[in-house]
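Here are my notes for you to read alongside the model. Have the 3D view open as you go.

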Amino acid sequence: MSKSGTRPPRGGILNIDEPANKQFPLALFRLGFRPFFLGASLFGLLSLLLWGALLSGQLPLTPHANPLWWHGHEMLFGFTGAVIAGFLLTAVQNWTGIPGVKGWPLLLLWCLWLAPRLLLLDAGIAPFTWVMLLDLAFFPITALLLGLAVIRVKQWRNLVFVPLLLLLFGANVLSYLGLEQPGLAQKALQAAALLIVILVALLGGRVIPFFTERATDFKRGAPSPVLEALSFASLPLMLISLFLPYPWLTQVLALLAGVSLLLRWTRWGWRASLKVPLLWSLHLSYLFIPLGLLIIGVSGQMMLGFHALTVGGMGGMILAMMARVSLGHSGRPLQIAWPMIPAFGLMLLAATLRVAAAIVPQASQILLMGAIFCWLVAFATFILLYAPILCRPRLDGRPG
């Protein structure tokens, strides 16, 4: 049984095992999570370091477009986009039983992701149109690779991630178009954030209770059809409402989504997770998603809520998920090195400080710098501990 709960078909599946001498020589490119998790972590460290230096006046930054657009765009489509691609291109092998993208195709896809990240840093490196086209190609190609594997075995349940990737592509297009239309870029970035929230909610509902049940005495029940329907109706409707002239409607839908996602989360065994860092880091990071939505619903302050969604619900979840997936898919025991425990805590603190910075304007600069510092230390810790794991073969000698 795969981690998604979907049993791969018995016939027509390639054998995932292969002799060691036929595996790609660089272990980093033997499965999607390896280069994309490492690349995202390094880029997340670099981009926040540059952003902090810019905000503190220590370093001039001349990216394509403007620094504020660059920061939002790159954290969503660059940093988070890499983690999404790495996770899905790895998970699809478990779901379908078909070997995942590896070797030269994976290396080329990773380079396609990396090139715009570097080129967008400075407006003088390459023409903006070329950089934009490179960047826009990433999500459709990733969607194609994912879709081909899912369609081959007719696993229609997992095909839902293909349109989500294509919608992220559409939001990315709007973010570039928004550079010429005031207000559109911000709406595009908010739409991208909500698309990522939908994706995290889908995946979180599958893996968080599953991981919790495997590692504790928690016994998960069947998902609530009412909560599932409310969650995955209100979130897309909220996304659509961003482009309508009815801010009250966005608030109502955010409130509905926040309540339903919070109630959904309470059914995943969070109490049983509190003694297991690989679990409480997932549970508590995910909690920032309904909290962020509730902030929007109650206060109407979009940016305040989106800070909770992005720093906590995305940044925290990404760190926690990368830490677990990297161990499991490299053939290692699910036991983290102790420095990751404070790293998880620092990410939760980073999210709290970022929200506080928007609430307390008198201390916003120091709170913002504190949030950036916590993020930098957390991801630096991950890189130091996990770069060797991601760059070395599996302990059991299997491919991947």
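Predicted model: local features only at pLDDT ≥ 70, side-chain atom pairs only at ≥ 80, totals over all residues.

1. Residues are numbered from 1 along each chain as its sequence is written, and side-chain values use heavy atoms, leaving out hydrogens and water.

2. Take a look at helix α10 (residues 277-299) and helix α11 (residues 302-328), which pack at about 160 degrees with axes 8 Å apart. That angle makes α10 roughly antiparallel to α11 (the label is for angles over 145 degrees). Their contact is made up of 18 nonpolar residues, seven polar and one charged.

3. Now the largest nonpolar core, which has 134 residues. A core like this is a set of buried Ala, Val, Leu, Ile, Met, Phe, Trp, Tyr and Cys residues joined through side-chain atoms within 4.5 Å. Leu88 and Tyr286 have the most contacts inside it, and helix α6 (residues 184-215) gives the largest share, 18 residues.

4. What does Tyr286 touch, leaving aside neighbours within four places in sequence? Its contacts (heavy atoms within 4.5 Å) include Val200, Gly204, Trp265 and Met317.

5. Finally, find Val153 in the loop between α4 (128-152) and α5 (161-177). Buried or exposed? Val153 counts as buried, because its relative accessibility is 10% (buried means under 20% relative accessible area, with a 1.4 Å probe and protein chains only). Its C-alpha atom is 9.6 Å from that of Trp95, 58 residues apart along the chain.

Conventions:
Axes fitted to C-alpha atoms, helices over the stretch in contact; angles between N-to-C directions. Helix = DSSP H or I, 4+ residues; strand = E, 2+ residues; numbered from the N terminus. Parallel < 35°, antiparallel > 145°, perpendicular 65-115°, else oblique. Nonpolar A, V, L, I, M, F, W, Y, C, P; charged D, E, K, R; others polar. Buried < 20%, exposed > 50% of the residue type's maximum accessible area, 1.4 Å probe, protein only.
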